[in-house]
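Subject: Structure for your review

Dear colleague,

Please find the structure below, with its sequence. The notes that follow set out what was found in it.

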Amino acid sequence: MMPYTYILINFFTVIICFLASFDRRIQFHKLFGKFLLSCTIVAIPFIIWDIWFTAKGVWWFNVDYTLGIKIAGLPIEEWMFFYCIPFACVFTYYCLEKFFTFGWADVLNNLIVFIAVVVLGVAGLLYHERIYTFLTVTVTLITLCYLHFIVQKEWIGKASFVYLILMPGFFAVNGILTGSLIPSPVVNYNPDDFLGLRMGTIPVEDAVYGYSQFLLNIYFFKKITHG
């Protein structure tokens, strides 16, 4: 079963959301094409980032947990990751926004952006030599500033709240990928390139990385769906 570990992680991440997409009350399946387009727009720079970091040895993959098929140095499962995880996240956001009101969360936009800019800015300045840390905080800062100050989106608070709701899934998926519940990690990190602060087995940068990816997926999905 070891070679199927990563692909099964992707499968179980997406399967319930995929099946629920056809529910007559949700009908998310009608938006599959728009999701694939928006997700691909976001996936392209993140995959390039992934290829570059893998080539530089910032992180690497334990091939014992993969099928052994690689494209541009990445396991095929890693390519799937950039579609499976966003699908589950965007679907969850779509459903929560459809059936619940989160207007109160919009009030937190300014506070969230202010705290994030301060914390991420300080982290970037203090740890600029650690490439994973620096690039992650830089991308997240740019993402937040673009969404808040340039296109002035009012759903940052709502999206941030949904991201917190998704945290149990984040810990389950990333926990296994980084070594929880299995003998060794699927993804290994060079200790010189990140802070070394971990939430269990998960580098704290992974949560920040996931946050920026989540926000960008929501932004482009909304843009393509609603214009």
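A pocket is defined on a 1 Å grid over the protein atoms alone, as an open set of points where a 1.4 Å probe fits, with protein on both sides within 12 Å along at least five of seven lines; its lining residues have an atom within 4 Å of a point. Grid points are joined across faces, edges and corners, and a volume is the space filled by probe spheres set on the points.

This is a predicted model, in which local features need pLDDT of at least 70 and side-chain atom pairs count only at pLDDT 80 or more, while totals for chains, interfaces and linings use all residues. Residues are numbered from 1 along each chain as its sequence is written, and side-chain values use heavy atoms, with hydrogens and water left out.

Helices (DSSP runs of H or I, at least four residues) and strands (E, at least two) are numbered from the N terminus. At least two lining residues of this pocket come from each of α5 (109-126), α6 (131-150), α7 (156-165) and α9, with α5 giving the largest share, 6 residues. For the classes, Ala, Val, Leu, Ile, Met, Phe, Trp, Tyr, Cys and Pro count as nonpolar, Asp, Glu, Lys and Arg as charged, and the others, Gly among them, as polar. On that basis, the lining of the second largest pocket comprises 19 nonpolar, 5 polar and 1 charged residues.

The largest pocket holds about 690 Å³ of space. Its lining has 38 residues, and F81, I85, F170, V173 and N174 lie nearest its centre. Two or more lining residues come from each of α1 (5-20), β1 (59-61), α3 (76-99), α8 (167-177), β4 (187-189) and α9 (204-226). By class, 26 of the lining residues are nonpolar, 9 polar and 3 charged.

Salt bridges

The whole structure contains 4 salt bridges, each being a side-chain nitrogen of Lys or Arg within 4 Å of a carboxyl oxygen of Asp or Glu. For the exposure of the partners, buried means under 20% relative accessible area, exposed over 50%, and partly exposed in between (1.4 Å probe, protein chains only).

E97 and K158 form a salt bridge with an N to O distance of 3.2 Å. This pair links distant parts of the chain, with E97 in helix α3 and K158 in helix α7, 61 residues apart. E97 is partly exposed at 28% relative accessibility, whereas K158 is buried at 14%.

R25 pairs with D23, their closest N and O atoms lying 3.0 Å apart. Here R25 is exposed, at 54%, and D23 is partly exposed, at 24%.

In the salt bridge between R130 and E129, the closest N and O atoms are 3.6 Å apart. R130 is partly exposed at 24%, as is E129 at 45%. Separately, shared partners join E97, K158 and K222 into one salt-bridge network.

Nonpolar core

A nonpolar core is a set of buried Ala, Val, Leu, Ile, Met, Phe, Trp, Tyr and Cys residues joined through side-chain atoms within 4.5 Å. The largest one has 70 residues, of which F28, W59, Y132, W155, L177 and F214 touch the most other members. Helix α3 provides the largest share of this core, 13 residues.

With contact taken as heavy atoms within 4.5 Å, and residues up to four places away in sequence not counted, W155 touches Y93, D106, N109, L147, L215, I218, Y219 and K222.

Yours sincerely
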